[in-house]
Amino acid sequence: MKMISRRDFIKASAVVGAAGVLTACGGSSSSTAASSVAASSTAAASSEAAASGSANIGVCIYQFADNFMTLYRTDLEEYLKDMGYAVTIVDGKNDQNTQTEQINTFLQQGVDVLVINPVQTTSAQTIVDTISPSGTPIVFINREPDKAVLDSYAGKCCYVGADARQSGTYQGELILETETQGDINGDGKITYIMCKGDPENIDAQYRTEYSIKALTDAGKEVECLYEYLDNWDQTTAQQDVANALAQYGDKIEVVFCNNDAMALGALQSIEQAGRTVGTDIYLVGVDALKEAVQNVVDGKMTGTVLNDDVGQATAAANATKLFVDGSDVDEYYWVDYVKVTTENAAQYL
Ligand code: BGC
């Protein structure tokens, strides 16, 4: 008999009670005059959609070849279809020009709502400026645009995500909870390398900053040997960590990775170099991909942080539905991260 994991459990309950998971933050932006006008025009548009019993939703994903976004888009597609919508999901192939063309095609087709995981967060304003003349609502996901971008299309766009500061803090805490509190060689400081996601992504920036802040806030001395730009990618991280281990050897006590894909790459190199996680090196990631969680259970990773794809996809589907129904939509919807340690990892498998 297969035990139901927490992720599967959340998934099952998300479908039944989707509305309950939607938690708003930062007050309602829908009380402004501009947004109530926007909301009522959405209502007019969506009553046509309601007449046909459905709506057409266009979903733009920055890149299909991303482990975490694959989980996310699979959930999102399921929830939107369960709501009775026609869903088209396209692959931006990590190229902003490709994604912009896809957005233009969706606009020509007259989709009711666009869900967008931007390739470049810095292009979010251009994306809004392209879409706003049509009045099509936008649900931004996963890559947080500046607040000014959301404000520029108030009542017609929102962001669904997780606060990456929290995931970074949890990574630092995972290290502080180890037997040596990250200082394996006992020289009074935590010496580390960092594998980073793409530089303009706020998740990468905050995870890099807050994982270390958790250590220094706890009064620890830290030394950064090198920060590698690994763009969320397993193979790139594998190569960089192999080079780092060859160059710095035992000096490296902690390998921080902004996501699990890179942590999986790092682990391959750690094992190849004959190092042992938990004994002479620590390794943490973010996402709680099944493979990474299994490594935590097996003691091959110090820990990871659940990036709740189910919660985020549920919130994104609910925000989409609010737009379709012409209801008020908040500017931000946040979903919590969860620390995954050897103690609780089994429930995330
Ligand atoms: C995830 C990464 C993913 C990235 C894509 C992050 O929140 O942790 O695994 O590559 O989103 O934007």
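View 1. Helix H13 covers residues 309-325. Helices here are DSSP runs of H or I with at least four residues, strands are E runs of at least two, and both are numbered from the N terminus. This is a predicted model, in which local features need pLDDT of at least 70 and side-chain atom pairs count only at pLDDT 80 or more, while totals for chains, interfaces and linings use all residues. Residues are numbered from 1 along each chain as its sequence is written, and side-chain values use heavy atoms, leaving out hydrogens and water. At the start of H13, a side-chain oxygen of aspartate 308 comes to within 3.2 Å of the backbone nitrogen of valine 310. The 17 residues of H13 should span 24 Å at 1.5 Å a residue, and the end C-alpha atoms are 24 Å apart, which agrees. The expected span is 1.5 Å times one less than the number of residues. Of the 17 residues, 14 are buried, so H13 is largely enclosed by the rest of the structure. Buried means under 20% relative accessible area, exposed over 50%, and partly exposed in between (1.4 Å probe, protein chains only).

**View 2. Glutamine 312 lies in helix H13.** Glutamine 312 is buried, at 2% relative accessible area. Its side chain joins that of asparagine 307 in a polar contact of 2.8 Å. Such a contact is a pair of N or O atoms within 3.5 Å; within protein, one must be able to donate a hydrogen and the other to accept it, and residues adjacent in sequence count only if both atoms are side-chain atoms. Beyond neighbours within four places in sequence, glutamine 312 contacts Phe68, Tyr72, Val160, Gly161, Ala162, Asn307 and Val335. Contact means heavy atoms within 4.5 Å. Aspartate 336 is 24 residues from glutamine 312 in sequence, and their C-alpha atoms are 9.1 Å apart.

**View 3. Helices H8 (residues 164-176) and H9 (residues 202-217) pack at an angle of about 35°.** Their axes are 7 Å apart. Axes are lines fitted to C-alpha atoms, for helices over the stretch in contact; angles run from 0 to 180 degrees between N-to-C directions. The contact is made by residues including Gly168, Gly172 and Ile175 of H8, and Tyr206, Tyr210 and Ala214 of H9. The contact residues divide into eight nonpolar, six polar and four charged. Ala, Val, Leu, Ile, Met, Phe, Trp, Tyr, Cys and Pro count as nonpolar, Asp, Glu, Lys and Arg as charged, and the others, Gly among them, as polar.

**View 4. Threonine 208 sits in helix H9.** At 10% relative accessibility, threonine 208 counts as buried. The side chain of threonine 208 reaches the backbone oxygen of alanine 204 at 2.7 Å. Leaving aside neighbours within four places in sequence, threonine 208 is in contact with Met194, Lys196, Glu227 and Asn258.

**View 5. Glutamine 181, a residue other than glycine, has a positive phi near 50°.** Glutamine 181 belongs to the loop between H8 and strand E6 (189-196). Glutamine 181 is partly exposed, with a relative accessible area of 35%.

**View 6. Alanine 288, a residue other than glycine, has a positive phi near 65°.** The loop that holds alanine 288 runs between strand E9 (282-284) and helix H12 (290-297). Alanine 288 is buried, with a relative accessible area of 0%.
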